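Have the structure open while you go through the points.

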Amino acid sequence: MNVNINKTWLPILQEEFNKAYFKNLISFVKSEYKNHTCFPKEDEIFNAFNACTFDALKVVIIGQDPYHGIGQANGLCFSVNDGITQPPSLINIFKELQTDINKSIPKSGNLISWANQGVLLLNATLTVRAHQAGSHQKQGWEQFTDAIIQQISKKKENIVFLLWGGFAKKKGAKIDTTKHHILISGHPSPLSANRGYWFGNKHFSKTNSFLSDTNLGIITW
């Protein structure tokens, strides 16, 4: 398995690639993909970085695991491939988008257009075994994505971090709040959203307000 990642990220991540834990992680992932059905497709594992270059980065959304159903995961958190039924969390994201900025709910759940505008759609764990949620956790992905968040915090300014749910909030604990904007709410999953922790957070309009204030250019959600 090759680490197929956009060259703008290489100066940021090369040190991680050379560490023992990452080499062990790649060996584990290679074995899993050889012996089991895993998601996303092997050439889409680093899709989040290829769709959103380091230079273009404006916003970070942190997810947890890739979707583990057939044909769902495409390497971008919360996103599904064209033609795939939208999962409940994604439906709730689109509902909030509709009430926040009056945008019609998209027919496709593919968020590649967000990524292409500078939104890093980062899962904490970049791979998963089919139908086994969390099956690739605690193998090194979390350390790798922690390092990414820390490097972004260190090397960029005025990035908007959207932390949805307790897991994402913990993941973003080391972000430098003096340099970046952090928006926190409940997770868009039905369990959280139906308890009142998601709807009404207005994160999409707030993000664009921050971006507008710093002349970085707003996102067309």
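1. Start with the pair H1 and H6, whose crossing is right-handed. Bear in mind that you are looking at a predicted model. H1 covers residues 10–17 and H6 covers residues 141–155; their axes come within 10 Å and cross at roughly 145 degrees. Those are the two things to ask about here, because two packed helices are described by the angle between their axes and the distance between the axes.

2. Which residues make the contact between H1 and H6? On the H1 side, look for Ile-12, Leu-13, Glu-16 and Phe-17. Facing them from H6 are Phe-144, Ala-147, Ile-148, Gln-151 and Lys-155. Sorted by class, that contact has six nonpolar residues, one polar residue and two charged ones.

3. While you're on H6, check its span: its 15 residues reach 21 Å from the first C-alpha to the last, close to the 21 Å expected at 1.5 Å a residue. Its buried residues are Trp-141, Glu-142, Phe-144, Thr-145, Ala-147, Ile-148, Ile-149, Ile-152 and Ser-153. Note that Phe-144, Ala-147 and Ile-148 are buried, and they also take part in the contact with H1.

4. Lys-138 is in the loop between E4 and H6, and its phi is near 60 degrees, a positive value in a residue other than glycine. Asn-158, in the loop between H6 and strand E5 (160–164), also has a phi near 60 degrees. I flag them because most residues other than glycine have a negative phi. Lys-138 counts as exposed, because its relative accessibility of 77% is over the 50% cut-off. Asn-158 is partly exposed, with a relative accessible area of 26%.

5. Another backbone point: the peptide bond joining Phe-39 and Pro-40 is cis, with omega about -5 degrees. Pro-40 can be found in the loop between strand E1 (38–39) and helix H3 (47–51). I mention it because most peptide bonds are trans.

6. Is His-203 buried or exposed? His-203 is buried, because its relative accessible area of 2% is under 20%. You'll find His-203 in helix H9, residues 203–213. Apart from neighbours within four places in sequence, His-203 is in contact with Asp-100, Leu-162, Trp-164, Leu-183, Ile-184 and Ser-185. With one of these, Trp-164, there is a side-chain polar contact of 2.9 Å.

7. Leaving out residues up to four places away in sequence, His-131 touches His-68, Gly-69 and Ile-70. Tyr-67 is 64 residues away from His-131 in sequence and 8.6 Å away in space, C-alpha to C-alpha.

8. Ile-91 sits in helix H4, residues 88–101, and counts as partly exposed at 31% relative accessibility.

Conventions. Residues numbered from 1 in each chain as written. Predicted model: local features only at pLDDT ≥ 70, side-chain atom pairs only at ≥ 80, totals over all residues. Heavy atoms only, no water. Helix = DSSP H or I, 4+ residues; strand = E, 2+ residues; numbered from the N terminus. Buried < 20%, exposed > 50% of the residue type's maximum accessible area, 1.4 Å probe, protein only. Contact = heavy atoms within 4.5 Å. Polar contact = N/O pair within 3.5 Å; in protein donor to acceptor, adjacent residues only side chain to side chain. Axes fitted to C-alpha atoms, helices over the stretch in contact; angles between N-to-C directions. Left-handed = near helix turned anticlockwise from the far one by under 90°. Nonpolar A, V, L, I, M, F, W, Y, C, P; charged D, E, K, R; others polar. Expected span 1.5 Å × (residues − 1).
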